[in-house]
Amino acid sequence: MVVISVWSLRLCCYYHLGRVKEGETALVPQVVQYEPAHTDAINCVVSLTSDLCASGGHDQAVVVYDWKAGKLCKSFPGHSREITKLCCLKGSSLIFSASRDKMVLMWDLGRDTEPIQEFCGHELVVNGVAVSPDGTKLCTGSRDNSMCLWDIESGECLQRNTISRNLVTHVCWVPGSTSIVQTSEDKTIRVWDSRTWQVTNTFPAKQHIQTHCDISSNCYHLLSSSNGFGGQGCEATLWDLRQPGCKVAEYRGHLQTTACCVFVPPRPGCPALVASSSYDSSVKIWDQNTAACLYTLTLDGSGPLVSLAPCDSSSLLCASFNTGLHQLHLDQATVPSLAEVARF
């Protein structure tokens, strides 16, 4: 374990004078370097509480980290291959991890480091995992073309539906409802009814693979993101969930695959914002309604930025392949700005 002295952290937190333009100087905040959460590339990060996050990646461990204090809280080993996705049940201590080992494991932050439930049955990598609003069911999606519904308490698979070419990339459970949204390598977005385990709506296919999705807090809108290269594809798309398949806006500007897109928690008096992260090592902040790019932050040397976790209206966590987890501060002023303040 790396030990970082309080004095070292204080030194890192000091500001230095940086040149802005001829004849002027400005105070430039330095990035605090905390103890690393992982030993390899990170694939996913989710917010657990106001100060805790969970992350997973190539080192096969689920790590819980206090990002405000800069302290590793707990590490859960158990998977035999890299972790692809995580989800949690808000208001509880439960964490669910999906992996290339074809399994989903359930962990309890308040107990020891052994999984308390296993969900086995997929034939290929599991890329989607979402828990029902009441905490009784779990939805999983895989590259084996199947979507499964599980009983959390027993670990029993209650429903399984396989659709040709439906190589699942991400799954979201719509808050307070029985609907589930999933993206796929076949470039489509499907909405499922968890009661019948049937597809109720299929959105018009995009031109590129859909990599991720997110639901707005009022459940009116859906975000999805596209893969691509050289600026072709690479967009995020806003859809109206009240009129499934109705495209509202597109957010274009990334140069490589847009791996993640999320709604930023709203702040009173400020415009609605969307954030996206990309393989081009940048995070962009967008005006949700006008689709204008308001700010771009490039994290040099980070490699692909594959996952975003909004913690509150001013804090975003970002997972990278090369440089760990990044804590970003979002200033929702008249002209929003984004700055890295810590990494771990």
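His326 lies in strand β32 (residues 325-331); strands are DSSP runs (E, at least two residues), numbered from the N terminus. The model is predicted, so local features need pLDDT of at least 70 and side-chain atom pairs count only at pLDDT 80 or more, while totals for chains, interfaces and linings use all residues. Residues are numbered from 1 along each chain as its sequence is written, and side-chain values use heavy atoms, without hydrogens and water.

His326 counts as buried because its relative accessibility is 0%. Buried means under 20% relative accessible area (1.4 Å probe, protein chains only). His122 counts as buried too, at 7%. His122 sits in a loop, between β11 (117-120) and β12 (126-131).

Both side chains make polar contacts. Such a contact is a pair of N or O atoms within 3.5 Å; within protein, one must be able to donate a hydrogen and the other to accept it, and residues adjacent in sequence count only if both atoms are side-chain atoms.

| Histidine | Partner side chain | Distance |
|---|---|---|
| His326 | Thr323 | 2.7 Å |
| His326 | Ser320 | 3.4 Å |
| His122 | Thr140 | 2.7 Å |
| His122 | Asp144 | 3.1 Å |

Next come the wider surroundings, by contact (heavy atoms within 4.5 Å). Neighbours within four places in sequence are left aside. His326 then touches residues including Leu299, Leu316, Leu317, Cys318, Glu340 and Arg343. For His122, the contacts include Lys102, Cys148, Trp150 and Arg160.

Key: Helix = DSSP H or I, 4+ residues; strand = E, 2+ residues; numbered from the N terminus. Buried < 20%, exposed > 50% of the residue type's maximum accessible area, 1.4 Å probe, protein only.
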